[in-house]
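Colleague: I am new to this structure and would be grateful for a close look at a single part of it. Please take me through that part in one connected account.

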Amino acid sequence: MTTLPVDEISIQETKALRDQFQRFLREYEFGMREVETKISILRDEFTHDHAYNPIEHVKSRLKSPDSIVEKLARKGIDEPDFELIRSEITDIAGVRVTCSFVADVYQLFDLLTAQDDITVRVVKDYIATPKPNGYKSLHAIIEVPVFLSTGALSVPVEVQFRTIAMDFWASLEHKIYYKFSNQVPSHLVDSLSDAAEAAAELDTRMERLHREAHGVPKRQLAPPPPPHIVQV
């Protein structure tokens with residue numbers, strides 16, 4: 001068994017890089033927490049003051065170092081630095097908000113992005129214009145301030161809003177594509193497309209039933225005016 005000599009300087013440099021990367025990811029974790037807090041406040045206010053909770057559940061995730069490296073590789077970036085990662089990858093921190101109805105999706109988007117410390121960078125409305133495979137969701141890249149001991153830092157967070165039906169369909173689609181390593185048989189692709197249409201019809205019917213049962217006036221389902229985009 002061959003033992004290779006260990007360079008102490010190389011070890012220290014590797015540890016320093018590791019610590020720097022951990023600090024880098026913590027910034028995104030803190031930004032994710034800020035968004036989670038804002039959404040939690042909205043949920044509690046609706047529950048206590050309006051006797052209605054439009055949020056079914058909230059999930060959050062932070063990209064792993066491996067996922068970040070893989071995404072950089074797909075972008076053709078071989079020698080990244082932290083500033084390049086900040087500019088090229090905007091979904092390191094992600095929050096998914098699952099709502100009861102389509103109207104709730106747009107209402108919560110409006111309420112969150114109307115807060116004066118939130119900056120909207122990009123909005124992709126896959127509800128108004130679904131992806132070819134039938135995927136529906138409202139995606140927004142927002143910037144939220146994080147106040148550290150070294151000062152304020154603006155952190156991008158991807159927030160996805162979708163209904164229960166959209167979330168169920170997306171979860172199933174992901175599992176199928178994972179099962180077949182993205183080489184899904186055509187008949188399953190067609191079935192997924194049909195299921196997406198059925199999920200959309202279910203959303204429409206359930207919201208109509210909700211309005212009729214509770215005497216709720218019909219809410220605007222069209223997407224809000226495009227937000228100000230400061231960076232793409």
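In what order do the strands of the open sheet stand, and what kind of pairing do they have?

Modeller: The open sheet has 5 strands in the order S1-S2-S5-S4-S3, and their pairing is mixed. Its edges are formed by strand S1 (55-62) and strand S3 (119-125), each of which pairs on one side only. Between neighbouring strands of this sheet the average turn is 25°, direction ignored.

The confidence of the prediction should be kept in mind here. The protein chain has an average pLDDT of 86, and 89% of the residues score at least 70. Among the elements of the chain, S2, one of the strands of this sheet, has the highest mean pLDDT (97), while helix H6 (residues 186-214) has the lowest (86). Over residues 219-232 the pLDDT is below 50, although this stretch has 32 contacts in the model beyond near neighbours in sequence. Where pLDDT is low, the predicted coordinates should not be read in detail.

Lys71 lies in helix H2 (residues 65-74) and Asp91 in the loop between H3 and S2, so the pair ties together parts that are 20 residues apart in sequence. Both partners are buried: Lys71 has a relative accessible area of 19%, and Asp91 has 11%.

This pair belongs to a structure that holds 10 salt bridges. Another of them joins Arg86 and Glu27, whose closest N and O atoms are 2.9 Å apart. Arg86 lies in helix H3 (residues 82-88) and Glu27 in helix H1 (residues 8-49), so that distant parts of the chain, 59 residues apart, are linked. Arg86 is partly exposed at 25% relative accessible area, whereas Glu27 counts as buried at 16%. Salt bridges with shared partners join Glu27, Glu83 and Arg86 into one network.

Key: Residues are numbered from 1 along each chain as its sequence is written. This is a predicted model: local features need pLDDT of at least 70, side-chain atom pairs count only at pLDDT 80 or more; totals for chains, interfaces and linings use all residues. Side-chain values use heavy atoms; hydrogens and water are left out. Two strands pair if DSSP finds at least two bridges between them. Helices (H or I, at least four residues) and strands (E, at least two) are DSSP runs, numbered from the N terminus. Axes are lines fitted to C-alpha atoms, for helices over the stretch in contact, and angles run from 0 to 180 degrees between N-to-C directions. pLDDT is the predictor's confidence in each residue, from 0 to 100. Contact means heavy atoms within 4.5 Å. A salt bridge is a side-chain nitrogen of Lys or Arg within 4 Å of a carboxyl oxygen of Asp or Glu. Buried means under 20% relative accessible area, exposed over 50%, partly exposed in between (1.4 Å probe, protein chains only).
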